[in-house]
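Biologist: I have not looked at this one before. Can you walk me through it?
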Amino acid sequence: MNYKSVSEVKERLAKADYICSKETSTVVFLAEATQKPILVEGPAGVGKTELAKAVSRSLGRELIRLQCYEGLDEAKALYEWEYAKQLLYTQMVKEKIHDVIAGASTISEAIDKIAGEEDAFFSERFIQPRPLLQAICTKEPVVLLIDEVDKSDPEFEAFLLEVLSDFQVSIPEIGTRQAIQIPFVVLTSNNYRDMSDALKRRCIHLYIDYPDRNLEITIVLLKIPNIKERLAEQLVDTIRKIRELDLKKKPSISETLDWAKSLIALQADELSTELIIDTLNVICKYKSDIERVKAQIKTISSQIGLK
Amino acid sequence: MIDMIQQFASCCRAAGLRISTSEVLDCFRHLQLIDISDEMQFKTTLRTNFIKNYREQGKFDQLYHLFFHELRTDIEIARSTPLGSLVKDVLENLDQNSVDNPSKSILDFLSGDPIGFLEEVRSIQSEGNEPMQGPIKGPRSNLGSLARRLKIMLQIYAVQESIMNFLAENKSKFSWETNKNLKTYFSQRLDRARRYLHEDPPAYPDNSSHVTSYEKYLTQIGERNFASLTPKEVDEMRIVIAHWVRKLKDTIGLRYSRNNRGIIDVKQTLRDTMKYYGVPLKISYRKRPKRKGKIVTLCDVSGSVWSAARFMLNMLYSLQECFAKVRSFVFVADMDEVTRIFENNDINEAIDKALKEAKISYNADTDYGSAFRNFKRSYMDALNKKTTLIIIGDGRSNYTNPEEDIFDEMREKCRRVVWLNPEPKVFWYTGDSEMRTYEVYCHQLRVCGNLNQLMDFINDLVL
């Protein structure tokens with residue numbers, strides 16, 4: 001089921017447990033309507049990957065995920081020949097070869113006869129599709145998530161181009177495979193390096209930042225249903241203050257949610273300075289960060305008005 | 001509508017954003033699908049198509065505001081009210097009267113066509129310090145961009161004055177009220193032009209990682225600031241570095257040898273079986289060639305920065321076999337390559353030699369902009385997609401033109417840009433420091449004031 005309007009996108013993503021800003025929903029709507037890939041950038045942990053998952057849930061499509069890393073190559077992203085299977089088949093049909101060349105009187109005639117059969121070994125049967133080919137070949141449309149595309153090598157980008165602009169894959173032995181259904185493509189990037197202009201031109205761009213206060217509170221209330229509203233507000237205010245500090249890794253939405261969960265587990269109704277210090281290791285992932293927040297905690301809690 | 005978007009796109013181009021025709025076409029397609037009366041949707045559609053880089057978002061917001069809020073309302077006035085035709089008359093009159101017309105772009109700006117003006121402002125930044133034309137060849141000035149800005153400002157004032165004169169002369173033609181309206185209209189517009197000239201686009205939240213290191217390798221010497229070392233400690237430092245480099249090399253060697261075992265290369269193995277009637281006697285492994293990065297370092301060799309840079313160069317060259325190539329440049333205001341010196345001499349000798357033999361003047365004031373221009377002219381080919389560019393400097397450029405455009409170009413040419421700053425972070429954005437400007441273009445920024453922080457960095461770089 002496709003989206004009909006921007007507001008519908010927002011509602012349906014919310015139903016799929018993803019609260020987003022109007023900007024995000026507009027971009028998702030446009031991408032779906034015009035079948036263009038989205039390039040999502042933003043700090044770690046703001047829900048870039050989650051967006052793709054939510055889209056797949058709300059559209060009722062399967063999610064195919066390709067995690068990029070340095071050294072990712074065609075064989076792992078596109079397709080690979082199943083050599084072992086080919087080898088086995090060769091062994092098994094070895095005897096048959098005599099039947100094929102039985103009537104041949106000269107060697108060249110025998111080779112011609114074998115050549116007539118050779119396609120059997122380089123056919124669909126022996127291809128092992130990897131995520132990109134899978135996304136193109138499925139009968140039902142899917143959501144294709146190319147995660148952390150900035151981690152891949154520049155060479156990998158080059159053959160992404162063919163897939164993203166024409167939705168086709170060239171396999172030298174067989175030919176070009178055209179997409180049956182055009183997938184909804186989401187690329188995420190942590191800005192480890194810049195993407196090439198050619199790739200950017202084919203995508204529409206979305207920058208997701210840390211959410212504003214109200215949005216973040218809504219997200220907490222939605223994801224942690226039995227949390228008190230007051231606690232959620234205090235929680236979000238504190239997190240936003242901590243984000244302003246100069247930390248190695250700033251707490252993102254996922255940390256907010258983890259923290260909320262652990263506070264619920266501790267059966268806390270209200271935030272206090274001590275409680276923050278006790279649970280700090282949920283929010284900060286580096287020892288040095290924890291120390292830094294501890295040093296500032298008095299100022300933060302007095303600004304928010306905690307006990 | 002189509003005209004308007006076209007015009008906006010050319011405005012963006014004039015202001016230095018790269019927008020291709022296909023992107024404009026996509027944008028039209030998208031606009032048909034959304035509800036354009038909702039501004040949020042409209043703006044997002046334009047942004048998602050025109051801006052493919054979070055660093056340019058600030059610039060986009062500024063242009064969008066200028067074009068669709070400030071100029072648009074003016075054009076509305078120009079079309080609908082009788083004031084509009086009067087404005088037009090005044091402008092046409094001015095256009096004819098002025099003999100030589102340097103301020104054409106400003107008059108265009110007043111009538112709602114900002115392209116010329118945007119281009120002029122843009123050229124301030126890109127042409128920067130090209131020597132000013134004219135018969136007088138004074139000392140090479142670094143204030144080119146400031147001077148150009150001033151020129152445009154003066155033009156704006158001149159236009160304002162001539163408009164006011166014109167209105168005063170023709171006072172009798174208009175009623176008191178139209179006269180007042182015209183005056184406010186023009187001065188608002190000119191204010192806008194002036195504001196655009198002054199304002200730099202707001203820096204957008206960047207997520208290039210800031211790395212700070214606290215972990216203590218060596219409690220004593222590791223935490224000492226490079227600048228405050230005694231000669232004896234410098235020697236101690238060298239021993240420590242040598243030790244650590246050896247350890248690091250072992251780790252790297254181990255990693256590569258493990259890599260070599262690799263997975264079976266089925267294709268190659270099958271091909272080899274042909275020799276033995278299909279019996280896999282020899283198994284080949286897929287060996288990945290070592291991925292070695294190329295390193296280009298730019299070192300500010302003025303005073304305090306050099307004390308940090310020398311150790312960093314020491315480490316890099318001790319670890320040379322871990323990289324495909326290390327090229328180094330030193331600069332104050334000019335830039336010179338010192339790679340050769342390092343290749344032909346022992347490291348510690350080379351470091352001393354680099355200071356004496358590089359063809360740069362050490363008495364000049366530090367000027368990052370001019371160093372970048374130098375680099376662009378002579379060494380741009382040193383950068384490619386396998387290069388990591390390391391810059392060591394405090395970013396204190398004595399208020400000269402920072403040339404962030406060239407820096408951006410350099411960033412695009414290489415794989416990663418890392419900025420090492422020997423100053424503690426509290427001082428980064430004070431005084432003549434250009435860190436705020438350059439920060440946006442770096443993939444990583446680090447404080448690098450003592451040995452521990454430097455070792456952290458090298459660890460990250462090679463492992």
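Modeller: One place to begin is an aromatic cluster in chain B, formed by B:Phe8, B:Phe42, B:Phe50, B:Phe60, B:Tyr64, B:Phe67 and B:Phe68. Rings of Phe, Tyr and Trp (its six-membered ring) pair if their centres lie within 6.5 Å; planes under 30 degrees apart count as stacked, over 60 as edge-to-face and the rest as tilted. This is a predicted model, where local features need pLDDT of at least 70, side-chain atom pairs count only at pLDDT 80 or more, and totals for chains, interfaces and linings use all residues. Residues are numbered from 1 along each chain as its sequence is written, chains are lettered from A and ligands numbered from 1 in the order in which they are written, and side-chain values use heavy atoms, with hydrogens and water left out.

Biologist: How many aromatic pairs does the structure hold over all chains?
Modeller: The count over all chains is 25. In one of them, A:Tyr89 and A:Phe126 have ring centres 5.1 Å apart and planes at 90°, so the pair is edge-to-face.

Biologist: Where do A:Tyr89 and A:Phe126 sit in the chain?
Modeller: A:Tyr89 is in helix α5 (residues 83-92) of chain A, and A:Phe126 is in the loop between α7 (107-117) and β4 (127-129). They are 37 residues apart, so the pair links distant parts of the chain. Helices here are DSSP runs (H or I, at least four residues), as are strands (E, at least two), numbered from the N terminus.

Biologist: Is A:Phe126 buried or exposed?
Modeller: A:Phe126 is buried, with a relative accessible area of 1%. Buried means under 20% relative accessible area, exposed over 50%, and partly exposed in between (1.4 Å probe, protein chains only). A:Tyr89 is partly exposed at 32%.

Biologist: And chain A as a whole, what is in it?
Modeller: Chain A has 16 helices and nine strands. Of its 307 residues, 49% count as buried. Among contacts between residues at least 6 apart in sequence, 75% join residues at least 24 apart. Contact means heavy atoms within 4.5 Å.

Biologist: At what angle do α1 and α2 of chain A cross?
Modeller: Helix α1 (residues 6-15) and helix α2 (residues 22-34) of chain A cross at roughly 110°, and their axes come within 8 Å. That makes α1(A) roughly perpendicular to α2(A). Angles under 35 degrees count as roughly parallel, over 145 as roughly antiparallel, 65 to 115 as roughly perpendicular and the rest as oblique. Axes are lines fitted to C-alpha atoms, for helices over the stretch in contact, with angles from 0 to 180 degrees between N-to-C directions.

Biologist: Which residues meet there?
Modeller: A:Val6, A:Val9 and A:Lys10 of α1(A) meet A:Lys22, A:Ser25, A:Thr26, A:Val28 and A:Phe29 of α2(A).

Biologist: Back to chain B. Where is B:Phe323?
Modeller: B:Phe323 is in the loop between α12 (303-318) and β3 (325-331) of chain B. It counts as buried, at 7% relative accessibility. B:Phe323 and B:Val462 are 139 residues apart in sequence, with their C-alpha atoms 8.2 Å apart in space.

Biologist: What about B:Ser397, buried or exposed?
Modeller: B:Ser397 is buried, with a relative accessible area of 0%. It lies in the loop between β5 (387-392) and α16 (404-413) of chain B.

Biologist: What is B:Ser397 in contact with?
Modeller: Leaving aside neighbours within four places in sequence, B:Ser397 is in contact with B:Thr366, B:Asp367, B:Tyr368, B:Gly369, B:Asp432 and B:Glu434.
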